[in-house]
Amino acid sequence: MNAIAAAGYLESLLAGQPHLPAASPALGWINELRAEAVDRVGELTVPSLRDEDWRFTDISQLTRLSFQRAQALTPLLPADIERFHIAEASNRLVFVDGLYAPRLSSIAADSGVVVTHLTEGGAEHAALIEAHLGRHANFGNNVFAALNTAFLQDAALILVPRNTTVSGPLHVLFIATQAGVASYPRCLLVAETGSAVTLIEDYVALQEAAYFTDAVTEISVADDAQVSHVRVQREGTQGFHIANCAVSLARASRYHSVSVALGARLSRYNLNVLQTGEGAECSVDGLALIASRQLADTHTYIDHARPFGISRQLHKCIVGGAAHAVFNGKIMVRPGAQRTDSAQSSRNLLLSDKAYIDTQPQLEIFADDVKCTHGATVGQLDNEEVFYLTSRGLSDDVARKLLTYAFGAEIIERIPVASLRQQLAQTVLAQTSGQP
Amino acid sequence: MIYQDSRTLLEVRGLRATVSGIEILKGLDFTVNSGEVHAIMGPNGSGKSTFAKVLAGHPAYTVTGGTVSFMGRNLFDLAPEERARAGVFLAFQYPIEIPGVANSQFLRLAYNTLQAQRGKDELDPLEFDDFVREKMKLLEMNPDFLDRSVNEGFSGGEKKRNEILQMAILEPRLAILDETDSGLDIDALRIVSQGVNQLANPESATVLVTHYQRLLNYIVPDFVHVMEAGRIIKTGGKELALELETRGYDWVGAEHLEQEAAGRVAA
Ligand SMILES: Nc1ncnc2c1ncn2[C@@H]1O[C@H](COP(=O)(O)OP(=O)(O)OP(=O)(O)O)[C@@H](O)[C@H]1O
Ligand SMILES: [Mg+2]
């Protein structure tokens, strides 16, 4: 990538930024945060293959295109998005091309949880927002997080009060509808002490043209609180999706994440989980199912900063066509984080000769009394299994589909929302059948 | 049972096959007519499972000579799934485990594929559930096995029963049961044998590969064959199995050598 082109690229993305409406007076600090982020974008460069963190993921096809913030809300009818509804969801926040769509959203009157977005309900919860928004996802060294923060406007806010268990998952749905648009989805979830909630973060498209999603999610899980985080990236085939998620886990909190990447021409997901309190527990599972010329990159970083932390990770990639999957999973055990118990596994299935995968599990341990395991495998479908199924009359194609599906199902089954599990099971079955 | 108006289901002539470049089947002849029950016995390593897997179309084996026709068609023209759909069924000696594929889903897919092939109606999950539970009763199998992954964590005997369950569902023309009796406890052997007998009909045939006469008390064979070094070297009635039980295999080999020598002199 040449530096001039890259600089021009960032400049053109920032072109619409000065036209953002100012934040409400109660949240005046957001204007400063944005300005700070704009400055930071000016100082940073677009990552290239020379950056250690991006050495397998070439984003030049993204930086060759130019995208602008959406000017207006695409008028959608509830029926247009019905197929994305999740039956169990108690609340649904919908953003269209990054802009909040009140008429498509449905917010339960009293589910004991605050579900709102920055421009509407921000003022009421100013103190809590200020304590968290922009505090977890650091943009100092991350140009995409900085860009997202520069455009911070309609953020989804979910604030779960102390000891509140939210019944039914909260669905935050981001829909891409306009070609050439850059959207900056933002999500903040604060689970206060002893609370419990399930968040579904869902990216879908109603278009086949090129667009760019640059998302940031921040999740704060207080002492003894529990968050289940399901993330579904089912962007359009020409979409670009770059997302950063930062999770902070306080004492004895629990965080369970399942992320599924199916869509986009190029996607990158950075998930950083920081255990800031003792005895925090997390599971971080993922599935990338891609084909044709897709690229899906998942970088996770689990930071055991305090003793007695537990982490479990199973990441799977199913790669067909000439697609390329990247997985980098780093487990950090800091000095003093004794009795950390961590297990990480990367399992990968290659469905064609041209498909490829770069997988890098990484352990960095600076404490001596810990239990850490990790491993990675890359393989093809088992011929004995294919034969067993065909010997019962299943066609070779169906047998392979079924086995491929079974490989991915292990992750899908960990999603704690039945209807979403079924939806994804169908998608995965359909998608595995389309493998060349 | 031997019937007057039976038809030839399977005709194997001079079959040769290799695995990893090693010849295992060395000119095998074998004929099965509808309604019949055949037992194939023979020492370990003589090629019984190889023969069964070659018939089912296992890709690891290469056929290097001979012919096999199944109901008048060249079996080697058919892919494994086409053989299954034409009515060939192999109950494996060592059924493999398939994690992540639910037994119920697998059985229903297999059943519906064959139903479609036969021009009959497919069953939806609920209808199939009723159907398969009936079949499981026949084999005294716990319905919980439906919810588990195919063979995953099944005991040796449970895997064998699951094989026969598949046979009961698919109703093949030619069922080859490769040592289905090994690993079954005494009651299971009786139950499974009864199941196999109930499925028998004048249109279909059964080939039992076994080491033990005991199975043949339950499923009475019309013919007993001895396989050695990749060939059928002796064929007899059910009493041959009893004789093998008491005398072992050595004498059959010796007799075969004598006959071959005599044959060469005569020729
Ligand atoms: N992949 C392979 N490579 C080399 N030799 C093989 C392979 N598979 C099978 N064989 C050999 O082929 C021969 C026949 O094996 P097969 O399993 O058919 O015997 P079998 O008659 O079924 O024996 P058993 O009674 O023990 O089940 C054996 O000597 C076996 O070792
Ligand atoms: Mg054998």
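**View 1. Phe30(B) is a buried residue, with a relative accessible area of 3%.** In this predicted model, local features need pLDDT of at least 70 and side-chain atom pairs count only at pLDDT 80 or more, whereas totals for chains, interfaces and linings use all residues. Residues are numbered from 1 along each chain as its sequence is written, chains are lettered from A and ligands numbered from 1 in the order in which they are written, and side-chain values use heavy atoms, with hydrogens and water left out. Buried stands for under 20% relative accessible area, exposed for over 50%, and partly exposed for what lies in between (1.4 Å probe, protein chains only). Phe30(B) belongs to strand E2 of chain B; strands (E, at least two residues) and helices (H or I, at least four) are DSSP runs, numbered from the N terminus. Beyond its neighbours within four places in sequence, Phe30(B) is in contact (heavy atoms within 4.5 Å) with residues including Leu10(B), Arg13(B), His38(B), Phe51(B) and Ile232(B). The C-alpha atoms of Phe30(B) and Arg13(B) are separated by 6.8 Å, although these residues are 17 residues apart along the chain.

View 2. A polar side-chain atom of Ser20(B) lies 3.4 Å from a nitrogen atom of ligand 1, while an N or O atom in the side chain of Ser49(B) is 2.8 Å from an oxygen atom of the ligand. For the side chain of Glu179(B), the distance from an N or O atom to an oxygen atom of ligand 1 is 3.3 Å. Taken alone, ligand 1 exposes 650 Å², and the protein buries 63% of that (Shrake-Rupley method, 1.4 Å probe).

**View 3. An open sheet of 6 strands in chain B has the order E6-E9-E10-E3-E11-E12, with mixed pairing.** Two strands pair if DSSP finds at least two bridges between them. Strand E6 (88-91) and strand E12 (231-236) of chain B each have a single partner strand, so one side of each is left without a neighbour in the sheet. Strand E3 (residues 37-41) and strand E11 (residues 223-228) of chain B pair in the parallel sense over 4 bridges, and His38(B) has Phe223(B) in E11(B) as its bridge partner. Helix H8 (residues 238-247) of chain B lies across E3, E11 and E12 of chain B, running at about 45 degrees to E11(B); axes are lines fitted to C-alpha atoms, for helices over the stretch in contact, and angles run from 0 to 180 degrees between N-to-C directions.

**View 4. Gln115(B), in helix H3 (residues 103-117) of chain B, is buried, with a relative accessible area of 8%.** The side chain of Gln115(B) reaches the backbone oxygen of Asp121(B) at 3.1 Å.

Methods
A polar contact is a pair of N or O atoms within 3.5 Å; within protein, one must be able to donate a hydrogen and the other to accept it, and residues adjacent in sequence count only if both atoms are side-chain atoms.
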